[in-house]
Amino acid sequence: MLLIRCPYCGERAEVEFSNGGEAHIDRPRDPMSLTDEEWAQFLYMRDNPKGLIAERWRHAHGCNRFFNAIRDTRTDRFVVTYEIGQPRPEVTPEQAAEAAR
Amino acid sequence: MERFSALSLARKALGGHLGWKPQWRSVEQPKKAYDIIIVGGGGHGLGAAYYLAKQHGLRNIAVIERGWLAGGNTARNTTIIRSNYLFDESSSYYEHSLKLWENLSQELNYNVMFSQRGCLMVAHTVHDVQVFKRHVHANRLNGIDNEWLSAEEAKEFCPPLNISSNIRYPVLGASLQRRAGTARHDAVAWGFARAASDMGVDIIENCEVTGINRGPDGAVTGVETTKGTVNAKKVAVSAAGHSSVVLEMAGIRLPLQSNPLQALVSEPVKPAFPTIVMSNTIHAYISQSDKGEMVIGAGTDSYVSYTQRGGLHIPAETLAAICELFPMFRRLRMMRSWGGITDNTPDRSPITAKTSVPGLYVNCGWGTGGFKATPGAANLFAWTIAKNEPHPINAPFTIERFRDGVMIDEAAAAAVAH
């Protein structure tokens, strides 16, 4: 089971959380102008990286708030968790190497 | 190829079983060029090579595998084979596969240990009852066997089942597909590898594809691998959980998320369990292997991962459900557990199709239920590669269905079970 640091509550067990999929997907500002291809990209196409991923989590059995995380999908080690609304943080090579270990 | 028969087995037995030869050629170094390269040496990829050689007369083929033969999801599933899917598109695809399973041992001259012991899908709620009855009717309209059993009839078919009314989710009935069953997962891959190799297909293990090469017109010209450049006009990707990673090399983004799916087996016991039982609602999947182990399928972890592990709380939840449905297993000890990386589409239906890149084909998105489709997907993928157009059965299973809004929504229809 993963140990996940909620930015609001601190470290808690994975069973308290639910995964919310890829982070930083913006709703289209002008939905009426989107082509079918753009809708498909927004709704269904996803990053599925073998390496660092930015994803949403919700502390469902805690503060019930969403937050974002960067995690290495090869090891499931978290690099950082951060509040919704913040830009995706830069990951240093040292942090990336630690997460990949 | 040395054919198996009662006579050949007896002769080898008399010789102390010392005379057996390797079942397929091991090719260390790929040739410079092939007609077709298949990326991924699991059941689906090896099967596609087999059908390309057998049915389409194309024999200059390489199957390139990053690890060892059939060491991915082919070796990590719970071997359930059934075709009782809801929608016409899905049930005809899975039924095509089930029909091939029924004759596969004879066709390959290799015992894949296909055992049609039936698959019982247990209903625990009024909603389950309605959904499963709808499945039964939809299947029967398509000529696929599926029937509804009362709780008492289900217990008669599977005596270990607990149908008492005082459990948390009492059994209200079950649907039964009698032609469903299990097979020996390794044997399927080995059988396809042996037959394909015999027709000239090169199987190259420990060779990772690191790039997809394309010409000035955008068409595929081959692949880069850890064993050098290999040229081909057609590249067919059958890489399961790693499909996104491989297709990204050609700039294609797929509607896939790779999640770990866990399974576990118990210590071996005497034959005690006559069928396959699946419960979507409380998430229990169980059958008994010929070795005697109870083979148990657990749930999917919710996050993207390539670790082939997963959280222990996921199988724990499944074991709780198993213990309630089958109290006689409460003292059974679990022996091994593992995870496989499943490639899940939003509608939980697969993709077997051409891509937007000329000469590049993909068979992926089988998610948590690809094993049952092994011969069917291989057969239709081979057709798609050979003819550069899909067979009518796999024609709806494109990438473009997500753009065009023609999903085959087995996610809603089948809930979680595959």
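Twelve residue pairs, both partners at pLDDT 80 or more, are in polar contact across the interface of chain A and chain B. Keep in mind that this is a predicted model. On the chain A side, the elements that put two or more residues against chain B are strand 3 (18-22), helix 1 (36-43) and strand 4 (52-58). Helix 1 of chain A gives the most here, with four residues. Sort that side of chain A by class and you get nine nonpolar, five polar and eleven charged residues.

What about salt bridges? The rule finds two across the interface of chain A and chain B. R253(B) forms a salt bridge with D47(A), and the closest N and O atoms sit 3.2 Å apart.

Now step back to the whole contact. It takes 25 residues from chain A and 26 residues from chain B. The size of an interface is often given as the accessible area lost when the parts come together.

Next, have a look at the second largest pocket, which holds about 390 Å³ of space. It is lined by 21 residues, and the closest to its centre are T79(B), R184(B), H185(B), S289(B) and V295(B). Two strands of chain B, strand 15 (284-288) and strand 17 (334-344), each supply at least two residues of that lining. As for its make-up, the lining of the second largest pocket divides into six nonpolar, eight polar and seven charged residues.

Key:
Residues numbered from 1 in each chain as written. Chains lettered and ligands numbered in written order. Predicted model: local features only at pLDDT ≥ 70, side-chain atom pairs only at ≥ 80, totals over all residues. Heavy atoms only, no water. 1 Å grid on protein atoms, 1.4 Å probe; cavity = no way out; pocket = protein on both sides within 12 Å on 5 of 7 lines; lining within 4 Å. Points joined across faces, edges and corners; volume = space filled by probe spheres on them. Nonpolar A, V, L, I, M, F, W, Y, C, P; charged D, E, K, R; others polar. Contact = heavy atoms within 4.5 Å. Salt bridge = Lys/Arg side-chain N within 4 Å of Asp/Glu carboxyl O. Polar contact = N/O pair within 3.5 Å; in protein donor to acceptor, adjacent residues only side chain to side chain.
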